[in-house]
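Open the model and keep the sequence at hand. We will walk from the sheet to the aromatic pairs.

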Amino acid sequence: DPQQIELATASKRKLRRFIVIDEVVDKLYGSKVREYFEENNVQHKILALPTTEETKSMDLVLNILHEVQSFSLDRRTEPIIAIGGGVCLDIVGLAASLYRRRTPYIRVPTTLLSYVDASVGAKNGVNFLQCKNKLGGYTPPVASFLDRSFLQSIPRRHISNGLGEILKMALMKHKGLFDLLKNHGKYLLDTKFQSCNSFAHHGDAALQTTRIAIETMLEELAPNLWEDDLDRLVDFGHLISPELEMRVLPSLMHGEAVNVDMAFMTYVAHARGLLDAGEKEQILQCMRGLELPVWHGGCSWVLIQRALRERLQHSGGQLRMPLPTGLGVADIFNDTSEETLERAYELWVKD
């Protein structure tokens, strides 16, 4: 907004920013972040924190809020900046939503998962009583700044982890995105989503893949930002995975747990006759090509039953199970029998 820029630059008051940065990201990029604020004459406080699923709690939120209070933010003109992965963005979003009821914040994702998932939408939250994101709210950021150069420094497994959430959108909504992942998955892993002119035969697969993933996610989230409608295709891979992820911490990352869930649901879709054997195999082959797990020993039949009971309780008494009905097309089902689920599970275990 030109008027806001004019007001900001005309003000005699020195610009001030409070930044929360993941401690690993701080080691890699902290000096550049500090240099940026110093060169632009911005008074700043940088709080580096360990932001992992194990530390994703109200304690960390309160820690941030104590520091925000002592920095004395203007709650309308001085947004809090979160620089890190999805956990960092979630925690800071919740802290900002609580401080003076709503303080603006900016998301700067530094992992592939947060780039295509946590950066989009309004949700924030923390884990509570060993349940994933049990406490939280809906407060969108004022902006998300997306920069793929951060991805150069993350381990290959983290790239694969983010590909799990991209594959989710491909299977639910976009055959072209599925084809991109199937044909260029190894290249994207090898190049860590950097745009490389020397690999012209791949086109700009990194840009295309991230853009389509974000656009399809926005198509789903924007009309239903506060989840008034519980029938959500973006819940694919998120029926079993919250229970599984918390149960086996830290052996599975979020995108990996989501992919184990999606692999099982692919078998459920096949057992229901929604996918033929060839389509099922194409999906599993794509998952393996993206170096994602298609099975985990912690995903027992007992855990699946417990997770689906929890799903029923919090989805208005219906399963609202998103399932692929082909490659890049999907629907939501409430009539999957226990017998079908068990048959799918037995085939999954056997394979």
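What follows covers the sheet, the helices on it and the aromatic pairs.

This is a predicted model, in which local features need pLDDT of at least 70, side-chain atom pairs count only at pLDDT 80 or more, and totals for chains, interfaces and linings use all residues. Residues are numbered from 1 along each chain as its sequence is written, and side-chain values use heavy atoms, without hydrogens and water.

Start with the sheet. Five strands form an open sheet with parallel pairing, in the order β2-β1-β3-β4-β7. Strands are DSSP runs of E, at least two residues; helices are runs of H or I, at least four; both are numbered from the N terminus. Strands pair if DSSP finds at least two bridges between them. β2 (43–49) and β7 stand at the edges with a single partner strand each, so one side of each has no neighbour in the sheet. Five bridges join β3 (residues 80–84) to β4 (residues 105–109).

Now the aromatic pairs. Rings of Phe, Tyr and Trp (its six-membered ring) pair if their centres lie within 6.5 Å; planes under 30 degrees apart are stacked, over 60 edge-to-face, the rest tilted. The count is eight aromatic pairs. Tyr29 and Phe150 pair edge-to-face, 4.9 Å centre to centre, with 80° between the planes. Tyr29 lies in helix α2 (residues 23–39) and Phe150 in the loop between β7 (143–144) and α6 (156–173), so the pair ties together parts 121 residues apart in sequence.
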